[in-house]
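Thanks, everyone. I will take the inside of the protein, then the ligand. Please look at the sequence and the structure on the screen.

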Amino acid sequence: MASIFSKIAAGEIPSYKVAADDKHYAFLDINPVAPGHVLVIPRKETDYIFDIDDKEYQEYTLFAKRVAQALKEAMPCKRIGVAVMGLEVPHAHIHLIPMNSESDMNFKSKVTLPAEEMEAIAAAIAKKFDELNKA
Ligand code: 5GP
């Protein structure tokens, strides 16, 4: 059975999309620890990130880097924090989180944003991603 993240990448379950290519998909975490908290996934399902084949891993992390660059421009901050946990959803995903202080990476503290704000944040990141990755 397809994972919830495969269904999101396929458009079967709605998400706040920020970037995509034929092998990867990036979208806002529905339960963010900070505004602009993004999840980046490979479309191909692998539970544990470090089981991903080397070439696919390189492509995946390079895609995540490009998303992080767009995220930093759209949501000005000191750094984009990176985390991998995978305890909840068995489909590899990299968390990208705009940070100004260590406390912005606290996974025990979530923020609730109205749908309009989530939409606006996703649109701003998507715009930057498109600008930075124009052919
Ligand atoms: P982890 O597996 O890394 O421990 O956490 C999974 C993350 O996925 C959590 O931050 C959670 O909020 C997020 N998440 C779980 N289900 C969904 C969903 O259906 N949509 C979105 N956008 N995020 C989700």
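Leaving aside its neighbours within four places in sequence, which residues is V38 in contact with? This is a predicted model, so please keep that in mind as we go. With those neighbours set aside, V38 is in contact with V18, A26, F27, L28, D29, V67, L71, I94, H95, L96 and I125.

V38 also belongs to the largest nonpolar core, which has 28 residues. V38 is among the residues with the most contacts inside that core, together with V18, V40, V67, L96 and I125. Two or more residues of this core come from each of these elements: strands β1 (17–20), β2 (24–28), β3 (38–42) and β5 (94–99), and helices α2 (54–74) and α3 (115–132). The most come from α2, which gives eight residues. As background, nonpolar side chains in soluble globular proteins tend to be buried together.

Now the ligand. Which residues come nearest to the ligand? There are 16 residues around it, and those that come nearest are L28, D29, E88, H93 and H95. For L28, a backbone N or O atom lies 2.9 Å from a nitrogen atom of the ligand. The side chain of H93 has an N or O atom 2.6 Å from a ligand oxygen. For the side chain of H95, the distance from an N or O atom to a ligand oxygen is 2.8 Å. On its own, the ligand has 520 Å² of accessible area, and the protein covers 88% of that.

Note on methods: Residues numbered from 1 in each chain as written. Predicted model: local features only at pLDDT ≥ 70, side-chain atom pairs only at ≥ 80, totals over all residues. Heavy atoms only, no water. Core = buried A, V, L, I, M, F, W, Y, C linked by side-chain atoms within 4.5 Å. Buried < 20%, exposed > 50% of the residue type's maximum accessible area, 1.4 Å probe, protein only. Helix = DSSP H or I, 4+ residues; strand = E, 2+ residues; numbered from the N terminus. Contact = heavy atoms within 4.5 Å. Near = heavy atom within 4 Å. Polar contact = N/O pair within 3.5 Å; in protein donor to acceptor, adjacent residues only side chain to side chain. Areas by Shrake-Rupley, 256 points an atom, 1.4 Å probe, with all protein chains shown as cover.
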